[in-house]
Amino acid sequence: MTASPHINRTTIVLVGLMGVGKSSIGRRLAIVLGMPFRDADVEVEAAAGRSVAEIFEQYGEAAFRDGERRVIARLLEEPPHVLATGGGAFINPQTRALIKEKAISIWLKADLDVLARRVGRKDNRPLLTGHDPLEVLKRQAEERYDAYAEADIIVETGETAHHVAVDAILKALAARTTEPAP
């Protein structure tokens, strides 16, 4: 599917649990839309001069979330782009309000068993260290799904190829741009 020329006038923010494909789908979406791609975790690491894992280990999750909030606020002031956020970013009320004001948010959603298999293959996620991935994801789903449900668009990604998810996002964005204003 080709993108409508109106879609790339606003930053598109991808939210959802870890492993859902925010970064990999986001990169592909940005290419199709001819927009820059930004990854909030990469930007936080650049700002802090250390990895996400090091930030969690040295300063804790609260410090990471504070830095993440500030970085996302800065990124939302930049020209339109596709932004992949960390899984916990959208649950912060300030960040969520800012995203709602300045961007289109898309919740990428997939079955927890699928996500657990994906994230269980890597050891680079601080919130999983020493824990069962499925149990962590279940807890996060309980804590985060209400906030994620406030996203402008929800796209079920399942176990499909990334290009299928990108097509679903493009269709949802196109439908949104053709809806009459409230």
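Is K109 buried, partly exposed or exposed? K109 is partly exposed, at a relative accessible area of 24%. Here buried means under 20% relative accessible area, exposed means over 50%, and partly exposed lies in between, computed with a 1.4 Å probe on protein chains only.

**Before selecting anything**

This is a predicted model, in which local features need pLDDT of at least 70 and side-chain atom pairs count only at pLDDT 80 or more, while totals for chains, interfaces and linings use all residues. Residues are numbered from 1 along each chain as its sequence is written, and side-chain values use heavy atoms, with hydrogens and water left out.

**Whole chain**

Show the protein chain as a cartoon. It has 8 helices and 5 strands, where helices (H or I, at least four residues) and strands (E, at least two) are DSSP runs numbered from the N terminus. Along the sequence the pattern reads β-α-β-α-α-α-β-α-β-α-α-β-α. Of the 182 residues, 44% count as buried. Among contacts (heavy atoms within 4.5 Å) between residues at least 6 apart in sequence, 76% join residues at least 24 apart.

**Stop 1: K109**

Select K109, in strand β4. Leaving aside neighbours within four places in sequence, K109 is in contact with V20, Y145, I154, V155, E156, T157 and G158.

**Stop 2: the aromatic cluster**

Ring pairs link W107, Y145 and Y148 into a cluster. Rings of Phe, Tyr and Trp (its six-membered ring) pair if their centres lie within 6.5 Å; planes under 30 degrees apart count as stacked, over 60 as edge-to-face and the rest as tilted. The count by this rule is 4 aromatic pairs.

W107 and Y145 form an edge-to-face pair, 4.9 Å centre to centre with 65° between the planes. This pair links distant parts of the chain, as W107 is in strand β4 (residues 103-109) and Y145 is in helix α7 (residues 133-148), 38 residues apart. Y145 and Y148 form a tilted pair, 6.2 Å centre to centre with 40° between the planes. Both of these tyrosines lie in helix α7, 3 residues apart, about one turn of the helix. W107 is buried at 4% relative accessibility, and Y148 is buried at 0%.

**Stop 3: T85**

Select T85, in the loop between β3 (82-84) and α5 (93-102). T85 is buried, with a relative accessible area of 5%. Its side chain reaches the backbone oxygen of L14 at 2.8 Å. That is a polar contact, meaning a pair of N or O atoms within 3.5 Å; within protein, one must be able to donate a hydrogen and the other to accept it, and residues adjacent in sequence count only if both atoms are side-chain atoms. Beyond four places in sequence, T85 is in contact with V13, L14, V15, K22, A40 and I72.

**Stop 4: helix α4 and its partners**

Select helix α4 (residues 61-75) and helix α2 (residues 40-48): their axes come within 9 Å and cross at roughly 105°. Axes are lines fitted to C-alpha atoms, for helices over the stretch in contact, and angles run from 0 to 180 degrees between N-to-C directions. Angles under 35 degrees count as roughly parallel, over 145 as roughly antiparallel, 65 to 115 as roughly perpendicular and the rest as oblique.

On the α2 side the contact is made by A40, D41, E43, V44 and A47, and on the α4 side by F64, G67, E68, V71, I72, R74 and L75. These residues divide into 7 nonpolar, 1 polar and 4 charged. Ala, Val, Leu, Ile, Met, Phe, Trp, Tyr, Cys and Pro count as nonpolar, Asp, Glu, Lys and Arg as charged, and the others, Gly among them, as polar.

Pick out R74 in α4. R74 is partly exposed at 38% relative accessibility and touches R38 and E43, not counting residues up to four places away in sequence.

Helices α4 and α5 pack at an angle of about 10°, with their axes 10 Å apart, which makes them roughly parallel. R69, I72 and A73 in α4 meet Q94, T95, L98 and I99 in α5.

Last, show helix α3 (residues 52-59), which packs with α4 at about 130°, axes 7 Å apart. That makes α3 oblique to α4. V52, I55, F56 and Y59 of α3 make the contact with E61, A63, F64 and R65 of α4. By class this contact has 6 nonpolar, no polar and 2 charged residues.
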